[in-house]
Amino acid sequence: MKFIYQDLLRFLKEQPSKAALSEKLFQLGHEHDINGEIFDMEITPNRGDCLSLIGLSRDLNYFYNNEDPFEIYNDNIDLLDLDFKNLSITSCPKITFLEIEIDEEISSYKPYLENYFSQLGNKKTNFFSDISNYISYERGQPTHCFDKKYITKDLTFTNKLCDESFKTLLGKEIQLEGKNCVFTSSGEIISLAGIMGGESTSCSENTREVLVECAFFNPEAIIGKSIKYNLKSDAAHKFERGVDIEAQEKVLRRFISVVKDHAVIKKLSMKTFIGSHFNKKYLPIRIDKVNKILGTKISKEQYISFLTKLGFEIDDEIKVPSYRNDVASQNDLSEEIARIIGYDDIKSIPLNLKRRSQLEQDKISKIEDFFIDKGFNEVINMPFSDIEEKKSILIDNPLDSNRRNLRTSLKNSLIENLLFNERRQKDSIKLFEISDVYSNEKKIIQEKRLGIIVSGRCGHNHKDFSKKLDRKYLNDILNSNKNISVFEIEEIPRENLKTKKKDKIFYTEVLLEDIPEAFFRGHKIKEYPINFIKYVPVSDFPSSVRDFSFSIKDFKKYNTVISCIEKFEEENLKDFFVFDFYLNEKLKEIKVGIRLIFQSSTRTLSEEDIQMSIGKILKPIIDLDGVVVPGLELN
Amino acid sequence: MDNIEPPLIKRVTGTLHPINQTKDFLLNLLNQFGFQEVQGPEIESEEFNFDMLNIKKSHPARQMHDTFYVENKKKVLRTHTSPVQIRSMLKSKPPFAFSSAGKVYRKDDDATHLPMFHQIEGIYVDKDVNFANLKDLINKILLSLFGENVEIRFRPSYFPFTEPSAEVDILSENGKWLEILGCGIINPVVLENCNIDSNMYSGLALGLGIERIAMLKYEVSDIREFYKSNLDFLGQFK
């Protein structure tokens, strides 16, 4: 809901600045953004009563004293002669109709009405609908205008099963299904009650006689329909959150005043149909209870002052205002009191809760730390899968119809993760995931599983660079103790995977409960502390790899070369490592192979960029006597 | 020749997923404050996920567009970790303090929302637990998380399972308030649903989105990064 700052000030006797108003709105729980003169409010769903100027001013009354600045039509009004039947009083316990006819001429909109359109960016449609929209903004009560010439016969409200199509006043054709609250005339649906009117009875610029409907619809009868039919409307938003059951006649009298401000009224009549009476809510006065809930020591005078200013009437009991559908208990009253005090002004009281000792490392932590220690990275995947098995649990309303099953294994997720990283030029991939998986075998079965996948080089160092992550590698770390071997390792064939890579993929998955405590024996499980590092955004630009081999004839320079390598640093150098080391005693030569990986965070690097970076990085080594890089020419 | 040593091989360790690191950090923190961890299923009944928590049949969260339903609408993918608390409260007698953390699901998928994310919650039920106690606990948690100089703001909010309810913001370095967590005094209706006498006992509850905390602590701006399984991303969280 958006409102114009000056519009709200009209309803307040004191005139707070924008900053002061903003602070109090936050204190009361009304989150918002301010853009110039416009406050864009995010009202919580329990506070439908605050979705209007008058509603917000009522909530601000304690701080700024509210008043209703506008004229409300107060003359006697003829009783409307309308053949109306309410067939669902639980869905609509109260409804008022106003019939109003005006002269041909309509004057230009007064500033209060014009600003509603010009400053808030609302679109004008026709005189009566414009007033209806404005009234909802000012009073919080939606109304609907039927062009009277189309309502010639009976009018009925009902909550019935529908299977016909309906064209809204915005020209959108929708197919109704299930139970819907509708207005019908001669059996034809003319309005989707509380959501949107129909095209067949809508007003136009030529309309001079209207039947205005102003109702209290039970939120439960309205909720979900606007989303179901993709009909976003202010009316639905307000009715779903609840309107004031006592407001309808006053709102229509204000409607008349606005009409009167712009046109000469020829005819007026009104009638209210009450299906069931509204039971006023009363709560006992329990200052002790409120102080107990909040941990405060407010006095009776404060209690009365706070609640009275919020519209509660206090005598022997507390009478809850008819617009406060959200207040029904002492806890609700406590929140009202706390909002006025200000949550930040309620003093903290230490909690008497016994502290617990440090958590012991559980099985999951041990498994995590075991694999982290072995250089594996943990992944977390969504459980939605395209693979349907007999035991799969089907999602009734998936986000993506291609992923409507809950996965029964972690395998495919981990294969996807591996392929994703291979596409990003990763050549040594070791991943694991621990997750619950669910299946249905007569009953829902929940299993906690561990999945492990590997492919590529064993590591980025001169010992492991040429070794492959394979079945033996996994067996050595997982099944070294033959007595407790629980991991069955399988090779994942690449044939059906969209990849050109040749490295073999190995995978294993086990139930966590099948991993015995003895598995961890003989392994030093180090606990990895949590360290909140500052993340550096990952580059989406391609990386480039360059390999170099140093030939060191002067062995005294070897340590200098290694020391230079350890200090490699350059803007575009993403990673580097020694992948080869060979001491040729016969030729009295040391060969050191290094791999440099270049990547920019802002662009694709050109060959020239890379050559410049290589020059900067390798120069200190090349400049050493007795060290050469065969084939390297630096500019 | 004897002085020639091959280059040192650095031990390369892997990483625990940053979401799980954050989850463990928060669980440890709540544990230190006296909360005992409890766990529960991700496939839940509507009764535990909604009814017991005072979320009415008409509440928008229960609509098909917000909640994933499974097994012909007989069950839901839990939309929060609160049903774990319900299950624990039904089995326990006050006083107790439980924490629960894990995956939750909502039918959202955009730059700031994912259909699966992680939550952590804490509840404490005892005689005379009040809003001032809740404020004390939240202040201590946020000081532990964001440092002693953090500025904290409490705002009224709305959750069906707490009353009064609050959202808590911290002031960021750029002067903007950032929403961090939701909390409140457990609605007496919820206590009664769990067979706890609400005239004798009261409770507090708090809940945090783990991704949100992880994004703030690690300065990750796009929530989707956590679930791409990109080694360039994951490898940073050592």
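User: Is A:T508 buried or exposed in this predicted model?
Analyst: The model is predicted, so that local features need pLDDT of at least 70 and side-chain atom pairs count only at pLDDT 80 or more, while totals for chains, interfaces and linings use all residues. Residues are numbered from 1 along each chain as its sequence is written, chains are lettered from A in the order in which they are written, and side-chain values use heavy atoms, with hydrogens and water left out. Buried means under 20% relative accessible area, exposed over 50% and partly exposed in between, with a 1.4 Å probe and protein chains only. Because its relative accessible area is 1%, A:T508 is buried.

User: Which backbone oxygen does the side chain of A:T508 reach?
Analyst: A:T508 belongs to strand β26 (residues 505-511) of chain A, strands being DSSP runs of E with at least two residues and helices runs of H or I with at least four, numbered from the N terminus. Leaving aside residues up to four places away in sequence, A:T508 touches A:L450, A:G451, A:I452, A:L478, A:F487, A:E488 and A:I489, where contact means heavy atoms within 4.5 Å. At 3.0 Å, its side chain reaches the backbone oxygen of A:E488.

User: Where in helix α18 of chain A does the kink lie?
Analyst: Helix α18 spans residues 607-622, and its buried residues include A:I614, A:G615 and A:I617. Among the elements that cover these buried residues are β27 (544-552) and α17 (558-566) of chain A. The bend at a residue is the angle between axes fitted to the seven residues ending there and the seven starting there; the kink, of about 35°, comes shortly before the proline A:P620 and lies at A:K616.

User: How many salt bridges does the rule find across the interface of chain A and chain B?
Analyst: The contact takes 96 residues from chain A and 103 residues from chain B. A salt bridge is a side-chain nitrogen of Lys or Arg within 4 Å of a carboxyl oxygen of Asp or Glu, and the side chains of A:K292 and B:D128 meet in one at 3.4 Å, N to O. Across the interface of chain A and chain B, the number of salt bridges found is 6.

User: Which strand gives the most to the side of chain A that touches chain B?
Analyst: With 7 residues, the strand of chain A that gives the most to the side touching chain B is β23 (residues 428-441).

Notes: Polar contact = N/O pair within 3.5 Å; in protein donor to acceptor, adjacent residues only side chain to side chain.
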